[in-house]
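Subject: Structure for you to look at

Hello,

Here is the structure I said I would pass on. Please open it before reading further.

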Amino acid sequence: MDVQYLISGALALFLGMVLLYKRFGKEKRRLSKKGRGDGYVKSSVDGGFRPEADGSTDILIVGAGVAGAALAYTLGKEGRRVRVIERDLTEQDRIVGELLQPGGYLKLMELDLADCVQTIDAQRIVGYALFKDGKHTQLSYPLEKFHSDVAGRGFHNGRFIQRMREKAATLPNVSLEQGTVTSLIEENGTVKGVQYKTKAGEELKAYAPLTVVCDGCFSNLRRNLCTPKVDVPSHFVGLVVENCDLPFPNHGHVILADPSPILFYPIGSTEIRCLVDVPGQKLPSVASGEMAKYLKTKVAPQVPPELYKAFIAAIDKGNIKSMPNRSMPANPQPTPGALLMGDAFNMRHPLTGGGMTVALSDIAVLRNLLRPLQDLNDASAVCKYLESFYTLRKPVASTINTLAGALYKVFCASPDPARKEMREACFDYLSLGGLCSSGPVSLLSGLNPRPMHLVCHFFAVAVYGVGRLCLPFPSLKRMWLGARLIKGASGIIFPIMRDEGVRQMFFPATVPAYHRAPPVN
């Protein structure tokens, strides 16, 4: 009997030890997983985590910049289960993406994101002031028909993005996670998800029926989804000018300087962003002092007198940043299971501040296209249906893209007499007021996304320039210069229109994808 008790006791002790070991092992793995973040997704920008309910995701978004964060909130609000993987969820300090045009603000309102500019010291922008050779002209946005809150906004890009991330993270079906996406996962030509590396260096995979790549202008994934043709005509050198007043409050200021434009616009109640365009691929060195010397000797003398002292003080402060100005026409390769958006997909010269307006407009188009789709798992059918996205986005995108590229070339100084005349004619045309100023400004602001209006105004400037040359009495020399002016204007705008796609710009209804119906689930 005693032996039986001893054997039973030993057996019970052994089983108890096994159960205790298993329980301890599970708890250890759970705590380890919680500490690493494995299987968990960041649900707030401050680092909080929550477990995924069932491991399923409808849409995977790569990148949480302006496009990615806005898209996450928009699709999450539509009821989609959205997972976002962003390389760095901390607030960034950038020198671009700080001016939102009124058309972009209207899109923010449409997407229920307008409150994201309310608490970041954003400044209202109601128009532009244009300076050239001691002359200036004031151009106001045509806002008479809109709500009183509609205007442009100037702000710190990082603050704006953080507010949108925070708002997206408030939705229970949206998760944000920090990680670096290294590649797309493809099976038989269909994108199934992404492979990414966590902050701790662990390689993981994430899957979804639809992956939207929004990883910005330096995208390392775009080559899988489009044929990129990136051009870098110049760089922006950025400074923050403090404690001074702009000549025209609540206006963006554009100085038609030599060799290229200088921009000033408010980004805070005491801060003005200055962007100096430096043509070419090579910049003067900041470390050696060459950049400061260039800014003081070449740029400062062309700055309005009201801003001169503050501009010099900003240079002496030394916080000089630079950014390549990239342009890239949209040239997608429709791929089942994936879509490109934002600067990863399409870029234009940032002179006109149109990038965020295009991105937000694209998000509204995509949201409307996805609304009828309950199931995204038929990747081929969804891909074919979403080909209409590339045509439906064209009115806004092609108008802003074409204007940005054309204006930059016109506004740059040139030794060519025909280009000089075009530049002078553009300034004087905009100074005429009425439709000659409100028309181009409505195009630039995103309030009038009509490519045909853009072409009409552009050649009206050229014809106006020819008329100036031929009055009061034409001469053969002046007529020849006028012919070269028209030729130069055509050489500026037609290549941009070709890259944008003439048929999609002007005759979108003739594109078969324009009429494509959603697939039957």
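This is a predicted model: local features need pLDDT of at least 70, side-chain atom pairs count only at pLDDT 80 or more; totals for chains, interfaces and linings use all residues.

Salt bridges

A search of the whole structure gives 30 salt bridges.

The side chains of K77 and D112 form a salt bridge, with 3.1 Å from N to O. K77 belongs to helix α2 (residues 66–77) and D112 to the loop between α3 (102–110) and β6 (123–125), so this pair ties together parts that are 35 residues apart in sequence. K77 has a relative accessibility of 47% and counts as partly exposed. D112, with a relative accessible area of 32%, is partly exposed.

R83 and E177 also meet through their side chains in a salt bridge, at 2.6 Å from N to O. R83 is in strand β4 (residues 82–86) and E177 is in strand β10 (residues 174–187); the pair links distant parts of the chain, 94 residues apart. Are these two residues buried or exposed? R83 is buried, and E177 is buried too.

R516 sits in the segment after α15 (502–506), while E387 sits in the loop between α8 (379–386) and α9 (389–392), and the two are 129 residues apart. R516 is partly exposed, at 25% relative accessibility. E387 is partly exposed as well, at 27% relative accessibility.

Some charged residues are joined in a group: a network of salt bridges links K132, D133, K135, E421, E424, D428 and R468.

Sheets

I255 stands opposite I262 in β16.

Another open sheet has three strands, in the order β5-β9-β6, with antiparallel pairing. Its edge strands are β5 and β6, each of which pairs on one side only. Between β5 and strand β9 (residues 152–154) the antiparallel pairing runs over two bridges.

L99 counts as buried because its relative accessibility is 10%, and the cut-off for buried is under 20%. L99 and P266 are 167 residues apart in sequence, yet 8.8 Å apart in space, C-alpha to C-alpha.

Cavities

How many cavities of 30 Å³ or more does a search of the whole structure find? The search finds seven.

The largest cavity holds about 320 Å³ of space. It is lined by 23 residues, and L403, L407, F411, L430 and P440 are the closest to its centre. At least two residues of this lining come from each of β7 (127–132), α10, α11 (417–431), α12 (435–444) and α13 (451–470). The largest share is that of α10, with five residues. By class, the lining of the largest cavity has 21 nonpolar and two polar residues, and no charged ones.

The second largest cavity has a volume of about 90 Å³. Of its 15 lining residues, T335, A338, V382, C383 and L386 are the closest to the centre. Both β19 (338–340) and α8 supply at least two residues of the lining, and α8 gives the most, with four residues. This lining has twelve nonpolar residues, two polar and one charged.

By class, the lining of the second largest pocket divides into seven nonpolar, five polar and six charged residues.

Regards

Terms used: Residues are numbered from 1 along each chain as its sequence is written. Side-chain values use heavy atoms; hydrogens and water are left out. A salt bridge is a side-chain nitrogen of Lys or Arg within 4 Å of a carboxyl oxygen of Asp or Glu. Buried means under 20% relative accessible area, exposed over 50%, partly exposed in between (1.4 Å probe, protein chains only). Ala, Val, Leu, Ile, Met, Phe, Trp, Tyr, Cys and Pro count as nonpolar, Asp, Glu, Lys and Arg as charged, and the others, Gly among them, as polar. Two strands pair if DSSP finds at least two bridges between them. On a 1 Å grid over the protein atoms alone, a cavity is a set of points where a 1.4 Å probe fits but cannot get out, and a pocket is an open set with protein on both sides within 12 Å along at least five of seven lines; lining residues have an atom within 4 Å of a point. Grid points are joined across faces, edges and corners, and a volume is the space filled by probe spheres set on the points.
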